Amino acid sequence: MPAGQRDAALGDAAEEFVLRVGREGWASARRWYRRQVWRSIGPAARHRAGLLVETWRGTEGERERMAAWINDFRLAFRALRRRPGFSLTVLVTLALGVGANTALFGVFRTVFLEPVPLPHSDQLMIVMEQGGFGCCGPASGPDYLDWVERNRTFSGLTVLSPTTFTLTGLPEPERISGTYVTGSAFDMLGVAPLMGRALLPEDQDAPGVVVLSYALWKNQLGGGQDVLGTTVELDGTPYTVVGVMPEGFDVPSPWSQMGSFRLYLPFQNEKLTENRGSHSFPVVGRLGPAQTKETAQADMDRIMRDLAAEYPQSNGDRSARVFTVHEYLFGNVGKQLGLILGAAGVVLLIACGNVAGLLLARAAGRETELAVRAALGASRRAMVRLLFSEALLLALVGGVLGLLFSFAAIDGLKAVLPPSIPRIDRIRVDGWALVFALGASAFTALLFGMVPALLASRTNLAASVKEGGYATLAPAKERLRNAFIVGQIALGLVLANGAALLVQSYAALRGQDFGFDTDGIVTMALNPAGPRYQDDEAYVTFYDQVLQRVGAIPGVTSVGTISRLPLFGGMNGSVWVEGTPPRQNAGEGPLVEVTSVNGDYFRTMGIPLLKGRLLEPDDSVSAAPGVVINQRFADVGWPDQDPLGKRFSFDDNPPQWLTVVGVVGDVRQWGPEQAPQAQMYAPFMLWSSSAYLTVRASGDLGALVPRIREAIQEVDPAQPPSDVQTMEARVDRTFAQRRFYTTLIALFAVAALFLAAAGVYGTVSYFVARRVRELGIRMALGAGGTGIVGLVVRRGIRLAVWGVLIGLAGVWASTRVVEGLVYGIDAVEPLTLAGGCVALALVAVAASALPALRAVRVPPVLALRSE
Amino acid sequence: MGEFEQLVMLALLRLGEDAYGMSVREEIERRTGREVSYGAVYTTLDRLERKGFVAHALGEATAERGGRAKKFFRVLPAGRDALRDTQRALTVMWEGVRL
């Protein structure tokens, strides 16, 4: 609608609508209104186009060209409307292709491309230490202090110590996560508090103050302006609120996504000067002016070399790695999403191939028309424009439909994205996605429109007219169409092979033995803290009572605790095995996972006892406490010996011996993809006062949870359990991300195969349809049906073979991408690949057999008459 | 002058003081028996206005119009001349023609 008339027109329509409602009823008026809107689109668009030409400030020639384009668009629009089947097929294909790609791009952009929401976030780095355990672990306090002192590349470095707290003093105690940070942290991150003040370096000497996150202030503490100066109780200790950070602010941490810390406490200085060999602090820093990640890495290398020379005991084998915060937090998920986007792009390419094939065939059908145009003096350029405008129109409308589709698709994606993917809630179709959709449509138009247009415009006048409407593709066009099909098959093979590998590797991961049961086990986190828990005795009493009470609940068959659940990481240290030479440096000796267990843990988790006995209450009180180790530790620590009764220690001076009393089966502690590590289970608390309660029960686990919760609150109402989940759900969750991308890529592969099959079918059908007469003559001369089918199918097979050969080259090229994502299998699995080749060949045979069989069924007489 | 432009101009002349979008649309629809869209009416009025054939004046904005003012159109002398020229040309051409 012309801008100046819009208001009046809408007003008129509204007025008439009201009149019509009174006259004809609501439904009829609505129908009328809808028809009005629909019918106004055409005149309005034409009017707008006309004005564009009139107001064009170009030269006369430019205006003419513009008018010619508009005219061609009009022609193209009419031509497409005359063939609704063709147009609809193309539009749906494009809309789905562009829509899926746009939606995925929206996800990719928000999750990966968007910077970390902090000022100049490209200068923010995470610095990790690298030692005996590989890459990458946190730093030790003294190392951090030396980094601060000696570095020449960072303008600021802060150390974190993420912790969970129980927020008490509310109607319901609640577990929240927070972190200790050094005083300059907020300054370094470049964010000022919303209210009050940030933490200051002075706070490190005088703890007792806390800065709240916006979410904690708003949700738990009421969001009042008077919050400053009030106290909050954390683990039973009061802290004074001195500030509130703005919405969306968070300190980046290598172990949590942005937005998870709810409060910030000042680091206590004495914690940083403790043991140089104990590594538990991740470090975040900001690069100084004109510094890069590389210069920072070189700087850290220098410092770590110096420290290694100064403290060979603790730092002999350690180095530091510098990551940008963005790559550390989002690098992995970005790679996976990039892969999905790539797969979707491949599907779009294949779809474009199909559309191009359709357009080529259509152009062949218009050979006579084009010849006449050429004979009447149409220039080649004018004919290309005419043909291309059709493609452009299709692409534009397809793009707009795709954009609409992407809105729905992105909502669908958000619902199925695994929750471990960061920033899900912010995913949307934004301006960039819009640009992407338009770009993708324009690209597809060029791809499927330009080449056919160029080729079709090269019409052989004499031949076309002479054949009298008997239209076939000229050899060059035929070759081009075949090339499209070969390309589609090749891309299909690459995608199908990649998808098959991912599915295989997912199945391999799921199918493997983790070393424990998952059925019928419910787990929850316990984190006793507060003034009641001043010594080990208090913790022991708490856990003993919990085990006792939970064990007494009807239906519970066994109950135990463990400091870290299998598959979810842990803590480790190097040990000195008795009888081996004394260690030169603290990092020497086998690296052993340290876990504390309590109660009937092994039976609850179904971890088998292989040798010796399980833990007994006395084990914790002896001078050389008894511990249970796993088979792997037995193999590493005492190869070819009986480990029972042997001793080892984490400390050297003096050694604190632990005695092996039993050997249990291996479990995967660090995740489904990590092989079991040497591990020991101690019957007492070591390095950690928090634990996971594991309960095995018969019957409905869900119904049991409230009773377990009650039992725990009876022991101490201030220590609610958190993170309640069945073991099965936990295991399932660790696979969510992998399952997500495997499923999506498999879906794309299926779509790709389907499209490739449609492409082959279309080409061969076309071939058959154009040669009905030839085939009829052959049959009239006595060729058998089998021979004819063979003739046609051979054509399909020839295309398939070429496609597979080129596809194999593509597979070879794609191995590097696939390598990092598969587990337990090679990036090239001959059997999978062979299967993929055969599958594609079969698809090609089937797709060409259908039209061949149809051709044979046509009686020769009819076939001969068909011209 | 195009056919639809003539129809719109004639509707304006017939309606006189009361010529605005809705009445023009209804007048053409009622007399010719073909469904006419607001899109067609207003793009034509816009074009005629640009050519200097018609002019408009704003009327009242009522609640049932969603608070949007009516736009009353009238034919300018230049429009009358153009319409007359068209009619003359058509009449001349039609003379003696039997279909």
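Predicted model: local features only at pLDDT ≥ 70, side-chain atom pairs only at ≥ 80, totals over all residues.
Local features are reported at pLDDT of at least 70 and side-chain atom pairs at pLDDT 80 or more, while totals for interfaces use all residues. Residues are numbered from 1 along each chain as its sequence is written, chains are lettered from A in the order in which they are written, and side-chain values use heavy atoms, without hydrogens and water.

The contact (heavy atoms within 4.5 Å) draws on both chains, as the table shows.

| Item | Value |
|---|---|
| Residues from chain A | 27 residues |
| Residues from chain B | 25 residues |
| Area buried between chain A and chain B | about 2,200 Å² |

Buried area is the accessible area (1.4 Å probe) lost by two parts on being put together, summed over both. Carbon and sulfur atoms give 50% of this area. Gln5(A), Asp12(A) and Glu15(A) supply 26% of what chain A buries against chain B, more than any other three residues.

Between the chains there are 7 salt bridges, each a side-chain nitrogen of Lys or Arg within 4 Å of a carboxyl oxygen of Asp or Glu. One of them joins Glu15(A) and Lys70(B), at 4.0 Å from N to O.

Helix H1 (6–24) and helix H2 (26–55) of chain A each supply at least two residues to the side that touches chain B; helices are DSSP runs (H or I, at least four residues) numbered from the N terminus. H1(A) gives the most, with 14 residues. Asp12(A) and Glu15(A) are among the buried residues of H1(A), where buried means under 20% relative accessible area (1.4 Å probe, protein chains only).

Note on methods. Buried < 20%, exposed > 50% of the residue type's maximum accessible area, 1.4 Å probe, protein only.
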